Amino acid sequence: MIERGRSKALCQVVWSADPASPLRGQFTVRCVDSMKSPWDEELRQIEEQYQPVILDGPRGSRGFSRPDANRRRRPRFYVEGQAEVVGGGQRVDGEVQQISECGARIASSETLTPGTDFRMMLNMFDVSVAVKARVKYLVDNLGMGVEFQEIRRGDTPLLSYVLSKLRTRRVEEFPQVEVVTEPLVAVAI
């Protein structure tokens, strides 16, 4: 029986080190009767460690600029994906519409108020990325713009992979658009 905190489980020793080796005293166990091992909670906490979103230097001035200038810190890409938002005492499912290194635009029938901090799981291109974010603005009560604050340890390369796929999309992957050059005529009824 192994007891860790309040958890107990019946285990079987499946390997033990040679007493003459530097590994003496070490052994490996396997839970045999429990669906939950005593260290599941600790493993879950390890998986959920977050680190700050660190951008490699500024890409643009943060000072005064023309009113029509693009103030984005990083390029934003259109994407189709799913978002699961948990925060503010509620759980909201939505669609990822746009994403960058700094944040995303999430379409959802329910929104959180600006300034709300929350945890979010993003799923794009069969890749899952967990972030802690903050709602920056609402989009006509149909969605929200969010800024990433922290990213789950190990997920930064996954986000970079998604962004690189979006950055290198071929023109053929975008929908065909028909351009009409005829002037519109107003009809009085």
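Glutamate 84 is partly exposed, because its relative accessibility is 30%. The model is predicted, and it holds 5 salt bridges.

**Salt-bridge network around glutamate 84**

- Glutamate 84 pairs with arginine 91 in a salt bridge, and the closest N and O atoms of the two are 3.2 Å apart.
- A network of salt bridges links Glu84 and Arg91 with Asp93.

- Aspartate 117 and arginine 134 meet through their side chains in a salt bridge, with an N to O distance of 2.7 Å.
- Since arginine 134 belongs to strand 10 (residues 127-139) and aspartate 117 to strand 9, this pair ties together parts that are 17 residues apart in sequence.
- Arginine 134 counts as partly exposed because its relative accessibility is 30%.
- Aspartate 117 likewise counts as partly exposed, at 45% relative accessibility.

**Salt bridge between buried residues**

- Arginine 152 and aspartate 155 form a salt bridge in which the closest N and O atoms are 2.9 Å apart.
- Arginine 152 has a relative accessible area of 15% and is therefore buried, since buried means under 20%.
- Aspartate 155 has a relative accessibility of 5%, so this residue also counts as buried.

**Nonpolar surface patch**

- Met1, Leu10 and Val32 make a nonpolar surface patch of about 300 Å².
- Valine 32 is partly exposed, because its relative accessible area is 44%; the partly exposed class lies between under 20% for buried and over 50% for exposed.

- Threonine 116 is located in the loop between strand 8 (103-107) and strand 9 (117-124).
- The side chain of threonine 116 reaches the backbone oxygen of threonine 113, at a distance of 2.7 Å.
- Is threonine 116 buried or exposed? Threonine 116 counts as buried, because its relative accessibility is 15%.

Key: Residues are numbered from 1 along each chain as its sequence is written. This is a predicted model: local features need pLDDT of at least 70, side-chain atom pairs count only at pLDDT 80 or more; totals for chains, interfaces and linings use all residues. Side-chain values use heavy atoms; hydrogens and water are left out. Patches are made of residues with over 30% relative accessible area and no salt bridge: like charges are joined within 9 Å, nonpolar side chains (Val, Leu, Ile, Met, Phe, Trp, Tyr) within 5 Å. Accessible areas come from the Shrake-Rupley method with a 1.4 Å probe; for residues, only the protein chains shown count as cover. A salt bridge is a side-chain nitrogen of Lys or Arg within 4 Å of a carboxyl oxygen of Asp or Glu. Buried means under 20% relative accessible area, exposed over 50%, partly exposed in between (1.4 Å probe, protein chains only). Helices (H or I, at least four residues) and strands (E, at least two) are DSSP runs, numbered from the N terminus. A polar contact is a pair of N or O atoms within 3.5 Å; within protein, one must be able to donate a hydrogen and the other to accept it, and residues adjacent in sequence count only if both atoms are side-chain atoms.
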